[in-house]
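Subject: Structure handover

Hello,

Here is the structure I promised you. Please open it first, then read my notes below.

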Amino acid sequence: MTLAKSVALFAVAALFEIGGAWLVWQGVREHRGWIWIGAGVAALGAYGFVATMQPDANFGRILAAYGGVFVAGSLIWGMVADGFRPDRWDVSGALICLLGMAVIMYAPR
């Protein structure tokens with residue numbers, strides 16, 4: 001599997017997990033209803049399947065690496081969906097997390 005395909009899988013996983021959590025949040029906290037909650041639950045389930053498509057066989061490594069993607073993706077989602085504006089510390093922290101993700105996932109073994 002190529003690096004590009006692996007990175008794309010992480011991006012799709014982030015879309016499903018962050019999007020699913022956001023849909024549940026909207027359904028519950030913003031009182032948008034059960035359809036939003038159900039869509040969120042379905043998206044969260046899809047995330048679990050996408051994560052299994054990574055080439056590494058180690059569940060812990062995949063989920064640890066995905067953590068960095070989740071941090072950065074959550075900030076981006078907040079910017080796009082909710083108008084959140086991260087400060088320099090948010091951005092710095094996300095970059096550190098992405099660096100950690102790259103080391104965990106793509107360092108030579």
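One definition to start: a residue is buried under 20% relative accessible area, exposed over 50%, and partly exposed in between. Apply that to aspartate 56. Its relative accessible area is 22%, so aspartate 56 counts as partly exposed. Please keep in mind that this is a predicted model.

**Overall layout**

The chain has four helices and zero strands. Along the sequence, the pattern reads α-α-α-α. The C-alpha atoms fill a box of roughly 50 × 35 × 20 Å, taken along the principal axes. Of the 109 residues, 29% count as buried. Now take the contacts between residues at least 6 apart in sequence. Among these, 64% join residues at least 24 apart.

You will find aspartate 56 in the loop between H2 and H3. Which residues does aspartate 56 contact, leaving aside its neighbours within four places in sequence? They are Arg61, Ile62 and Met105. Serine 6 is 50 residues away from aspartate 56 in sequence, yet their C-alpha atoms are 9.7 Å apart in space.

Side chains of opposite charge can pair when their charged atoms come close. How many salt bridges does a search of the whole structure find? The search finds one. Arginine 61 forms a salt bridge with aspartate 56. Their closest N and O atoms are 2.8 Å apart. Arginine 61 has a relative accessible area of 24%, so arginine 61 is partly exposed.

**Glutamine 54**

Glutamine 54 also lies in the loop between H2 and H3. Is glutamine 54 buried or exposed? Glutamine 54 counts as buried, because its relative accessibility is 6%. Its contacts are Ser6, Leu9, Phe10, Ile62 and Met105, not counting residues up to four places away in sequence.

**The nonpolar core**

The largest nonpolar core has 14 residues. Phe10, Tyr66 and Val69 touch the most other members. Four helices each supply at least two residues of this core: H1, helix H2 (34–51), H3 and helix H4 (88–106). H1 gives the most, with five residues.

Leaving out residues up to four places away in sequence, tyrosine 66 touches Phe10, Ala13, Ala14, Glu17, Ile18 and Tyr47.

Tyr66 and Val69 are also among the buried residues of H3. What covers the buried residues of H3 includes H1, H2 and H4.

**The largest pocket**

Rolling a probe the size of a water molecule over the atoms shows where empty space is left. The largest pocket has a volume of about 160 Å³. Two elements give two or more residues to its lining: helix H1 (3–29) and helix H3 (59–82). Which of the elements gives the most to the lining? H3 does, with five residues.

The lining is made of Ile18, Ala21, Trp22, Trp25, Phe70, Ser74, Trp77, Gly78 and Asp82. Six of these residues are nonpolar, two are polar and one is charged.

**Glycines and a histidine**

Glycine 40 lies in helix H2. Glycine 40 counts as buried because its relative accessibility is 0%. Leaving aside neighbours within four places in sequence, glycine 40 is in contact with Gly20, Leu23 and Val24. Glycine 27 is 13 residues away from glycine 40 in sequence, and their C-alpha atoms are 8.5 Å apart.

Glycine 83 follows H3. The phi of glycine 83 is positive, near 75 degrees.

Histidine 31 has a positive phi too, of about 55 degrees, although histidine 31 is not a glycine. Where does histidine 31 sit? Histidine 31 is in the loop between H1 and H2. Its relative accessible area is 70%, so histidine 31 is exposed.

Best wishes

Conventions
Residues are numbered from 1 along each chain as its sequence is written. This is a predicted model: local features need pLDDT of at least 70, side-chain atom pairs count only at pLDDT 80 or more; totals for chains, interfaces and linings use all residues. Side-chain values use heavy atoms; hydrogens and water are left out. On a 1 Å grid over the protein atoms alone, a cavity is a set of points where a 1.4 Å probe fits but cannot get out, and a pocket is an open set with protein on both sides within 12 Å along at least five of seven lines; lining residues have an atom within 4 Å of a point. Grid points are joined across faces, edges and corners, and a volume is the space filled by probe spheres set on the points. Ala, Val, Leu, Ile, Met, Phe, Trp, Tyr, Cys and Pro count as nonpolar, Asp, Glu, Lys and Arg as charged, and the others, Gly among them, as polar. A salt bridge is a side-chain nitrogen of Lys or Arg within 4 Å of a carboxyl oxygen of Asp or Glu. Buried means under 20% relative accessible area, exposed over 50%, partly exposed in between (1.4 Å probe, protein chains only). A nonpolar core is a set of buried Ala, Val, Leu, Ile, Met, Phe, Trp, Tyr and Cys residues joined through side-chain atoms within 4.5 Å. Contact means heavy atoms within 4.5 Å.
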